[in-house]
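User: Could you walk me through how to read a cavity and a helix in a model like this one? I'd like the general idea before the particular case.
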Amino acid sequence: MKTYIVGNWKMNQTLLEIRDFFSQINSYKEEFLCETYVAPQFIHLGLALELSKEKGRVKIGAQNCGPKEKGAFTGEVSPVALAELGTHFVIIGHSERRHHFHEDNELLRKRTLCALQSGLEVIFCVGETLQEREKGEAMGVVEAQIQQGLKDIPPVFKEKILIAYEPVWAIGTGVTATPLQAQEMHHHIRNLLMKMNFPKGETIPILYGGSVNPSNIRELLDMKDIDGALVGGASLLPNEYIKLCEGSRNF
Ligand code: PGA
């Protein structure tokens, strides 16, 4: 099984910081034993692709993409253009998109389908708010996000989807879900994907996200159904990112 460390840089990083990040990653002496992904801002994709080429260690992705191949969608970025540039993957449905920009499951379904049709891998994000968890609704909320957001995806594309479970209350708060809380949800998600006829439901990568850092990553990855991490804050600094990768390996 592969293990994924995905850095979600959100609206962060200067040109200088990006150059420094890749210079440290490229000069790291060991081989990374996991899959290493980074998603910078759109405007930095070209630079990140260029800098990552030297060692070919890190796959570069976008944090969102348009719901159509092209057309009158001012301010959106076409998944075809992303693929043409060499972008490997796209994050869709991050809770910040869902909550700050009111992206609903139907829009996220369109973004996902178009990204897959354009040849991109999709990291589809789901997760409940604290209020929903306290009301005992966490599983139902996540289930609906997956059922609606990944509805009618043609089987041929299903192998190019990764899921990221990110409880909203754990994102950027320093409060991580316990490994058991995360495992319980990941197991539930895996069963659901199998019911939805994902051809590789048993092995589809399900990543955990929310305040992951080098000191808690190991205990999370020790859980049976946790196949990697989607990391915000701790992925910005090259030495932290390297530590996250050192704590992770493909099995
Ligand atoms: P965090 O962000 O690691 O800073 O909590 C995770 C994410 O939003 O993907």
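Analyst: Happy to! Let's begin with residue classes: Ala, Val, Leu, Ile, Met, Phe, Trp, Tyr, Cys and Pro count as nonpolar, Asp, Glu, Lys and Arg as charged, and the others, Gly among them, as polar. Keep in mind that this is a predicted model. By those classes, the lining of the largest cavity has three nonpolar, six polar and two charged residues.

User: Which residues line the largest cavity?

Analyst: The lining consists of Gly-93, His-94, Ser-95, Arg-98, His-99, Cys-125, Val-126, Gly-127, Gln-145, Glu-166 and Val-168. Helix 4 (95-100) and strand 5 (121-126) each contribute at least two residues to it, and helix 4 gives the most, with three.

User: What is the volume of the largest cavity, and how many cavities of 30 Å³ or more does a search find?

Analyst: The volume of the largest cavity is about 40 Å³. Searching the whole structure turns up one cavity of 30 Å³ or more.

User: Now the helix. Which residues of helix 1 are buried?

Analyst: Buried means under 20% relative accessible area. In helix 1, that applies to Ile-18, Phe-21, Phe-22, Ile-25 and Asn-26. Seen down the helix 1 axis, these buried residues fall within an arc of 120°, so they line one face of the helix.

User: What do the buried residues of helix 1 pack against?

Analyst: Their partners are strand 2 (35-39), helix 2 (45-53), strand 3 (58-62) and helix 10 (238-246).

User: And how far does helix 1 reach from its first C-alpha to its last?

Analyst: Helix 1 (residues 15-26) has twelve residues and spans 16 Å, close to the 16 Å expected at 1.5 Å a residue.

Definitions and conventions: Residues numbered from 1 in each chain as written. Predicted model: local features only at pLDDT ≥ 70, side-chain atom pairs only at ≥ 80, totals over all residues. Heavy atoms only, no water. Helix = DSSP H or I, 4+ residues; strand = E, 2+ residues; numbered from the N terminus. Expected span 1.5 Å × (residues − 1). Buried < 20%, exposed > 50% of the residue type's maximum accessible area, 1.4 Å probe, protein only. Arc of directions from axis to C-beta. Contact = heavy atoms within 4.5 Å. 1 Å grid on protein atoms, 1.4 Å probe; cavity = no way out; pocket = protein on both sides within 12 Å on 5 of 7 lines; lining within 4 Å. Points joined across faces, edges and corners; volume = space filled by probe spheres on them.
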